[in-house]
Amino acid sequence: MARTTKGVKVNAAGSRNGVSLEMKGVTRNTLDLKVSPEDTGGELAIFEQTGHTPHGGPPLHIHPFQDEIFYVLQGEYLFQVGDEQYELKTGDTIFLPRQVPHAFIQLSDEGKVLVIYQPAGKMEAFFRKTAAWTSPPSAEEIARTFAENDMHVVGPPLRLN
């Protein structure tokens with residue numbers, strides 16, 4: 001995959017490809033691609049994710065080939081990384097190493113995070129697929145879609161006690 005040789009600017013509230021992905025399946029989120037895998041030869045992808053689902057988040061899962069970094073722009077989140085849990089608020093950052101099970105839950109009514117994947121992997125394709133869901137998917141469909149995009153579901157989403 002080729003890399004761009006020019007600078008790339010994406011305006012605030014904009015997306016690299018001009019399309020916001022509206023997630024409607026597991027949780028309701030808006031994803032804006034900020035740095036495309038096509039810009040970086042597949043080495044990096046950056047998304048801005050606006051969460052509209054308090055107490056929602058993905059199932060516990062593993063990225064075998066990618067590290068993931070979250071920077072909280074707004075709101076509060078609870079992350080599980082391996083056996084440890086971390087509370088994050090605006091301005092906090094967390095690194096999720098590849099091959100380590102992780103999940104998060106949005107604690108605040110609204111939330112916004114910058115999510116960085118290194119390498120980019122199939123994350124853009126994954127978000128496009130899940131944005132096409134029109135109703136809540138079955139657990140089997142979730143696991144299949146994760147697997148098709150080089151991730152493995154290994155447990156349920158986090159729940160508040």
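**Close-up 1. Arg128 and its salt-bridge partner Glu124 in helix α1 of this predicted model****.** Arg128 is partly exposed, with a relative accessibility of 38%, whereas Glu124, at 16%, counts as buried because the cut-off for that class is under 20%. The side chains of these two residues meet in a salt bridge, with N and O 3.2 Å apart. Arg128 and Glu124 stand four residues apart in helix α1, which spans residues 123-131, and about one helical turn separates them.

**Close-up 2. The salt bridge between Arg98 and Asp67****.** The closest N and O atoms of this pair are 3.2 Å apart. Arg98 belongs to the loop between β8 and β9, while Asp67 lies in strand β5, so the pair ties together parts that are 31 residues apart in sequence. Arg98 is partly exposed at 31% relative accessibility, but Asp67, with a relative accessible area of 15%, is buried.

**Close-up 3. The salt bridge between Arg3 and Glu43****.** A salt bridge of 3.3 Å, taken from N to O, joins these two side chains. Arg3 comes from the segment before β1 and Glu43 from the loop between β2 and β3, so parts that are 40 residues apart in sequence are tied together. Arg3 is partly exposed at 47%, and Glu43 is partly exposed at 46%.

**Close-up 4. Strand β2 and its pairing with β1 and β3****.** Six of the seven residues of β2 (residues 29-35) are buried. Strand β1 pairs with β2 in the antiparallel sense over three bridges, with Glu22 facing Thr30 as its bridge partner, and a hairpin of five residues joins β1 to β2. Strands β2 and β3 also run antiparallel, joined by six bridges, and Asn29 has Gly51 as its bridge partner in β3.

How values were computed:
Residues are numbered from 1 along each chain as its sequence is written. This is a predicted model: local features need pLDDT of at least 70, side-chain atom pairs count only at pLDDT 80 or more; totals for chains, interfaces and linings use all residues. Side-chain values use heavy atoms; hydrogens and water are left out. Buried means under 20% relative accessible area, exposed over 50%, partly exposed in between (1.4 Å probe, protein chains only). Helices (H or I, at least four residues) and strands (E, at least two) are DSSP runs, numbered from the N terminus. Two strands pair if DSSP finds at least two bridges between them. A salt bridge is a side-chain nitrogen of Lys or Arg within 4 Å of a carboxyl oxygen of Asp or Glu.
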